[in-house]
Amino acid sequence: MNTISITIFLTVLIAVIIGLMAGKHVKNKKENFYVAGRKWPWIFVAIALVGQAIDGNSTLGSTSLGFSSGFWAAAALPIGLALSLFLLGKFFAPKLNSLNLMTLADFFHIKYNRKIEIIASLLMIFSFGILLAGNIAAVAILLMNYVSINYQAMVILVCLVILLYVIRGGIISDLYSDFWQLAILTLGIITTFIFVLNKFDFTGFFTSQSFVEGSNLNQMLKIGSGGLVNWATIVALGFGNLLAIDFNSRIYSARSPQDAKNGCYWGALFTLILGIPFALLPVMINYLNIQSLDSTPILLIFAHIVLPPVIIGLL
């Protein structure tokens, strides 16, 4: 195994161990498994929400989108997700938390009836399954570049690893592993930018053609420059995620309506802080004149060419 493979293996192993150890807090109580006993302070809620917002789509996908369509096309993803969390905090989180729900489907049962609850549940399973598939695919694509396992086998392996710790501790295991994963991601982002800024000369970056064109506000103001698509992305994510299962379950876990509200606000801020760098990075990649190769995600190409193995493993 090389340095990258070892780093990836260790970070995943630690995440699994943390998740399994956290499972002891469930104590055979379904309320602990689903909503962590409704005891989370706002900071736990915020971290758990960011753990759902910053996924394979908003890292690997965002960087590829930014490379081909510009900064604002990539930034639309974290902006849309942050908007959704802000709206949840402002208008919905306190009320949802006060209803003492276990799942989002429970809301439809309380508001309407059992039939509507079942229909809503089936629709949510279908829609969330698509989102989950995208995230699993992104992780599998990343890992298969550093581990000698084909794509199909990697998808199965990723699913098994997730099940291994989540099935024991539910949302508690998810929260504890989120702490670790977000810490690693944050460290990876910081070290990536420090390394790149020290290795290359970015003196003329902000006046370069790559930055001027890559961050042009026309991407938000003109249809021909992608404005319609970018605004549609923000609106779709901002309003569409109001009913996101993963966001809502974290809101139910807050110890009070105020904690749920504050958790959403801070989650929105942290989502921007961690998400925007993945929109800026492709502009920097263009400035360095790194070219894409076939269908390989540009983040992987950049990592292979520029970054040392340890930092690649962190990302």
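Me: Which helix has the lowest mean pLDDT among the elements of the chain, and which the highest?

Reply: Start with the score. pLDDT is the predictor's confidence in each residue, from 0 to 100. Where pLDDT is low, the predicted coordinates should not be read in detail. Here helix H16 (residues 309-314) has the lowest mean among the elements, 78. Helix H13 has the highest, 96. Helices are DSSP runs of H or I, at least four residues long, and strands are E runs of at least two; both are numbered from the N terminus.

Me: What is the mean pLDDT of the chain?

Reply: The mean is 87, and 99% of the residues reach 70 or more. This is a predicted model, in which local features need pLDDT of at least 70, side-chain atom pairs count only at pLDDT 80 or more, and totals for chains, interfaces and linings use all residues. Residues are numbered from 1 along each chain as its sequence is written, and side-chain values use heavy atoms, with hydrogens and water left out.

Me: How many salt bridges does a search of the whole structure find?

Reply: The general idea: side chains of opposite charge can pair when their charged atoms come close. A salt bridge is a side-chain nitrogen of Lys or Arg within 4 Å of a carboxyl oxygen of Asp or Glu. The search finds 4. One of them joins Arg38 and Glu31, at 2.8 Å from N to O.

Me: Is Arg38 buried or exposed?

Reply: Buried means under 20% relative accessible area, exposed means over 50%, and partly exposed lies in between (1.4 Å probe, protein chains only). Arg38 counts as buried because its relative accessible area is 15%.

Me: Where is Arg38 placed?

Reply: Arg38 sits in the loop between H2 and helix H3 (42-53). Its phi is near 55°, a positive value in a residue other than glycine. Asn28 also has a positive phi, near 60°. Asn28 belongs to the loop between H1 and helix H2 (30-35). Asn28 is exposed, with 83% relative accessible area.

Me: Which residues is Phe108 in contact with?

Reply: Contact means heavy atoms within 4.5 Å. Leaving aside neighbours within four places in sequence, Phe108 touches Asn113, Ile116, Glu117, Ala120 and Met124. Phe108 is in helix H6 (residues 104-111). Phe108 is buried, at 16%.

Me: What joins the side chains of Asp259 and Ser256?

Reply: A polar contact of 2.7 Å. The term covers a pair of N or O atoms within 3.5 Å; within protein, one must be able to donate a hydrogen and the other to accept it, and residues adjacent in sequence count only if both atoms are side-chain atoms. Asp259 also meets Arg255 in a salt bridge, 3.1 Å from N to O. Arg255 is exposed, at 52%, whereas Asp259 is buried, at 9%.

Me: Where is Asp259, and which residues is it in contact with?

Reply: Asp259 is in helix H13 (residues 257-275). Leaving aside neighbours within four places in sequence, its contacts are Trp40, Pro41, Trp42, Val45 and Ala254.

Me: How many residues of helix H15 are buried?

Reply: In H15 (residues 298-306), 7 of the 9 residues are buried, so the helix is mostly covered. They are Ile298, Leu299, Leu300, Ile301, Phe302, Ala303 and Val306.

Me: Which residues form a nonpolar patch on the surface?

Reply: Patches are made of residues with over 30% relative accessible area and no salt bridge: like charges are joined within 9 Å, nonpolar side chains (Val, Leu, Ile, Met, Phe, Trp, Tyr) within 5 Å. Here the patch is Ile6, Phe9, Leu10, Leu13, Ile14, Ile17 and Met21. Together they have about 600 Å² of accessible area (Shrake-Rupley method, 1.4 Å probe; for residues, only the protein chains shown count as cover). Leu13 lies in helix H1 (residues 3-22). Leu13 is partly exposed, at 36%.
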